[in-house]
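Here are my notes on the model you sent.

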Amino acid sequence: MDHLAENRLVITKPLFTEGMLRISRDSYGAGARKAALALIAIWVAVAAYTIRSGGGLIHTVAYLIPFGLIILWSNVLLPRNQVKRMWKSQEMTHGPGAERLTRFYEDRLVITGTGVNKEIPYDQILSVKYSRHLVILLCENKMGILLARDGFSGETEEQLLRRIFAGRGN
């Protein structure tokens, strides 16, 4: 059976980073944002107590520094370090600049490339995320399929997504 469309992508470090940070933003990022808000609320409470008990503005600002560093570490540095480790693993397994060809059929997609040959039925795809250069399909097994937004040939991105999610109300 001939494929309906295909998507070509060369996985570079910037694209990989963009995709993984986008996936992380909805999972890890939501919890990190809630923790940051909780830390800000604690700082406000500590600042109010410090000022009410006669502490100076210097003390209040001094408490802000460790809270700010924790928020920076948990919301920016930690996710980026995790993505860097994932990229090193990707690079060691498939090499830098691994090429992926994703072909779309009536009921499934097939990914081929350096060290990859995977078939995924559409009913295993749970959701779609977008970033500046990528369309990311999230699957049941927590796998993310990166697709180049400008890499489609055959059917358009919109037609393929309608086909993938047909009858599921997504």
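1. A polar atom of the R22 side chain sits 2.9 Å from the backbone oxygen of Y130. Keep in mind that this is a predicted model.

2. R22 is part of helix α1. Is R22 buried or exposed? Its relative accessible area is 13%. R22 therefore counts as buried, since the cut-off is under 20%.

3. Beyond its neighbours within four places in sequence, R22 is in contact with K129, Y130, S131 and I136. L134 is 112 residues from R22 in sequence, yet the two are 9.5 Å apart in space, C-alpha to C-alpha.

4. The largest pocket has a volume of about 490 Å³. Its lining comprises 23 residues. Nearest the centre are F16, M20, M143, G144 and L146.

5. Which elements give two or more residues to that lining? They are β1 (5-11), α1 (13-26), α3 (57-94), β2 (98-104), β4 (116-121) and β7 (144-148). The most comes from α3, with six residues. By class, the lining of the largest pocket has 14 nonpolar, six polar and three charged residues.

6. The second largest pocket holds about 220 Å³ of space. Twelve residues line it, and L21, S24, R25, N75 and P79 lie nearest its centre. Elements giving two or more residues here are α1, α2 (28-52) and α3. The lining of the second largest pocket divides into five nonpolar, three polar and four charged residues.

Methods. Residues are numbered from 1 along each chain as its sequence is written. This is a predicted model: local features need pLDDT of at least 70, side-chain atom pairs count only at pLDDT 80 or more; totals for chains, interfaces and linings use all residues. Side-chain values use heavy atoms; hydrogens and water are left out. On a 1 Å grid over the protein atoms alone, a cavity is a set of points where a 1.4 Å probe fits but cannot get out, and a pocket is an open set with protein on both sides within 12 Å along at least five of seven lines; lining residues have an atom within 4 Å of a point. Grid points are joined across faces, edges and corners, and a volume is the space filled by probe spheres set on the points. Helices (H or I, at least four residues) and strands (E, at least two) are DSSP runs, numbered from the N terminus. Ala, Val, Leu, Ile, Met, Phe, Trp, Tyr, Cys and Pro count as nonpolar, Asp, Glu, Lys and Arg as charged, and the others, Gly among them, as polar. Buried means under 20% relative accessible area, exposed over 50%, partly exposed in between (1.4 Å probe, protein chains only). Contact means heavy atoms within 4.5 Å. A polar contact is a pair of N or O atoms within 3.5 Å; within protein, one must be able to donate a hydrogen and the other to accept it, and residues adjacent in sequence count only if both atoms are side-chain atoms.
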